[in-house]
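Here is a friendly note to read alongside the model. Take the points in order, and keep the 3D view open as you go.

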Amino acid sequence: MGEIADDLLAANAVVERLRAVHSEIAALQAEEVALMTQLYRIRRAEQLELGVGQLYAGEDAATEIGMALKVSQRSADELIGIGLGLEHRYPATREAFAAGRIDLSRVRAISQTLTNVPEELLEQLEPKVAAYGEKADPARLRRTARRWLLEADPEGQALRRKAAEADRYVDVRAADNGTAVVDAVLPAAGGQTLYERLREMASGQVCGKDPRTTAQRRADALVALADGTGRLTCQCGRADCPRAAIDAATPPARKALVQVGVSAETLAGLRDNPALLAGLGAIDADLARQVARYARFQLIGDTTEAGSTASTTEIETDCAAKELQYRPSARVAARARALDGICRAPGCQVPAAATDLDHQDRFDHKDPEDGGRTTESNLGARCRRHHRLKTLADNRRNGWQVFHHSDRRVEWRSPSGDSVITGPEGVKYLFPREWVPPVTAGGVPDAEPHGSVWDPGNAVNAMTEILHVYATPAQRREQWARMRARHNM
Ligand SMILES: [Zn+2]
Ligand SMILES: [Zn+2]
């Protein structure tokens with residue numbers, strides 16, 4: 001009996017300690033956010049001084065933080081955004097956060113709910129929301145804050161809804177084991193429409209013997225809405241499936257516009273080396289072959305082994321002239337992007353197809369003979385944001401240093417002295433050093449190489465720029481409109 005009482009005491013002590021630890025972590029998180037924001041301010045001030053524009057000054061702080069802490073640039077960006085909000089708009093929240101009375105997820109809930117709320121209303125509402133945040137979980141906090149907002153300013157709600165709807169987006173990003181996470185903000189009615197439709201398709205378009213779970217069918221239904229078939233086909237595999245006639249009349253699924261870097265041996269089924277799916281990372285050989293079944297191909301020869309491709313010698317004659325032009329030929333561009341695979345900045349995952357090709361050794365427009373050549377080895381994949389970082393570094397306007405070593409290795413040295421060397425990601429997949437023998441034989445598609453799928457075009461470049469610009473949603477919208485006008489999109 002004594003033991004039970006002791007256990008009870010021990011459990012109470014554990015919860016008490018847990019509360020204390022959680023609070024200490026929150027206070028430290030507050031300090032971390034404040035420090036990140038401070039670094040952003042320092043870098044921004046330096047860069048404004050050096051003549052960098054308002055829109056971009058300071059954005060490299062997130063890359064610097066990512067490198068120093070081994071966190072993603074995306075999360076550094078988010079925390080800096082929260083930190084700026086705390087400084088300017090949410091003083092009570094900032095105070096409670098610093099004292100460890102609310103943690104980061106509640107701070108996030110408050111800043112997201114109170115975005116777009118006008119100053120006057122904020123003054124009256126924010127202290128109340130912060131106080132409530134000390135005793136509610138994030139979901140309840142959001143709900144209650146939204147209700148207060150509605151009560152305090154019913155007319156303003158329509159405007160805020162419009163503003164929030166203007167921030168709608170869909171994002172697809174890599175997850176583990178060859179899957180992707182689809183993340184979206186839609187107007188409430190649109191979201192409901194989508195969900196209803198998926199539910200109907202999942203329950204009404206297959207027979208009772210379909211082996212998939214409801215959740216799996218809903219996920220497949222979302223893809224079916226996009227691939228042109230518009231409907232699920234039953235996977236029961238029975239010849240007498242009552243859905244068979246309808247399934248037979250379903251139009252063929254449209255080919256996915258994805259880029260996969262895969263070695264020819266893997267593609268032919270001779271090996272099972274992993275492949276690189278642009279923007280999503282490594283995928284297994286079997287999935288790569290499935291994707292390739294519907295693909296167009298571009299051959300990327302391996303120049304590290306003499307005589308491995310026939311095509312490299314044919315065009316050598318006009319290469320010398322092309323090296324002195326600023327724009328690379330389609331072939332050189334495709335090779336440089338394929339070898340790099342992704343943006344070469346540390347921690348950046350932007351697929352090479354959506355990157356700029358940067359002259360690592362600078363091209364001299366006045367005297368091309370004098371500057372870096374437009375060759376595969378002198379071109380590197382950089383997303384817009386990191387291209388800007390590198391260009392500013394070359395012009396001594398951000399404190400970064402970027403060095404190029406042999407074998408396409410690039411060294412990034414941050415203003416605070418951290419240094420990271422990145423290697424070409426695509427090479428590992430296209431020309432793997434270690435061969436993985438095939439696990440299974442058969443089911444190999446016949447590849448018909450033709451055409452190029454590598455040119456991202458203006459739209460993607462502009463989009464990449466938008467995604468990587470450190471700006472408020474309003475600034476981003478304005479920028480987006482300008483960009484569209486410029487590119488006639
Ligand atoms: Zn069936
Ligand atoms: Zn990048």
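1. Is Arg396 buried or exposed? Before you look, keep in mind that this is a predicted model. Arg396 is exposed, because its relative accessible area is 62% and the cut-off for exposed is over 50%. You will find Arg396 in the loop that runs between helix H17 (384-394) and strand E8 (401-404).

2. Stay with Arg396 for a moment and look at its backbone. Its phi is positive, about 55 degrees, although Arg396 is not a glycine. That deserves a second look, because most residues other than glycine have a negative phi.

3. Lys70 is not a glycine, yet it has a positive phi of about 60 degrees. It sits in the loop between helix H2 (60-69) and helix H3 (73-88). With a relative accessibility of 67%, Lys70 counts as exposed.

4. Now turn to the hairpin of E9 and E10. Strand E9 (residues 410-413) pairs with strand E10 (residues 419-422) in the antiparallel sense, and four bridges join them. Across the pair, Arg413 stands opposite Ser419 in E10. Five residues lie between the strands of this hairpin, and Gly417 there takes a positive phi near 100 degrees.

5. Which residues hold the zinc ion (ligand 1)? Its protein donors are the SG atoms of Cys207, Cys234, Cys236 and Cys241, at 2.2 to 2.4 Å from the ion. Along the chain, these donors follow the spacing C-x26-C-x1-C-x4-C.

6. What is the arrangement of the four donor atoms around the zinc ion (ligand 1)? It is tetrahedral, because the donor atoms subtend angles of 105 to 113 degrees, and four donors count as tetrahedral if all angles lie between 85 and 135 degrees.

7. Cys383 is buried, with a relative accessible area of 0%. How many disulfides does the structure hold? The count is zero.

Note on methods
Residues numbered from 1 in each chain as written. Chains lettered and ligands numbered in written order. Predicted model: local features only at pLDDT ≥ 70, side-chain atom pairs only at ≥ 80, totals over all residues. Heavy atoms only, no water. Disulfide = S-S within 2.5 Å. Buried < 20%, exposed > 50% of the residue type's maximum accessible area, 1.4 Å probe, protein only. Donors = N, O, S within 2.8 Å, 3.2 Å for Na, K, Ca; no water. Tetrahedral: all angles 85-135°; square planar, octahedral: opposite > 155°, others 65-115°. Pairing = 2+ DSSP bridges. Helix = DSSP H or I, 4+ residues; strand = E, 2+ residues; numbered from the N terminus.
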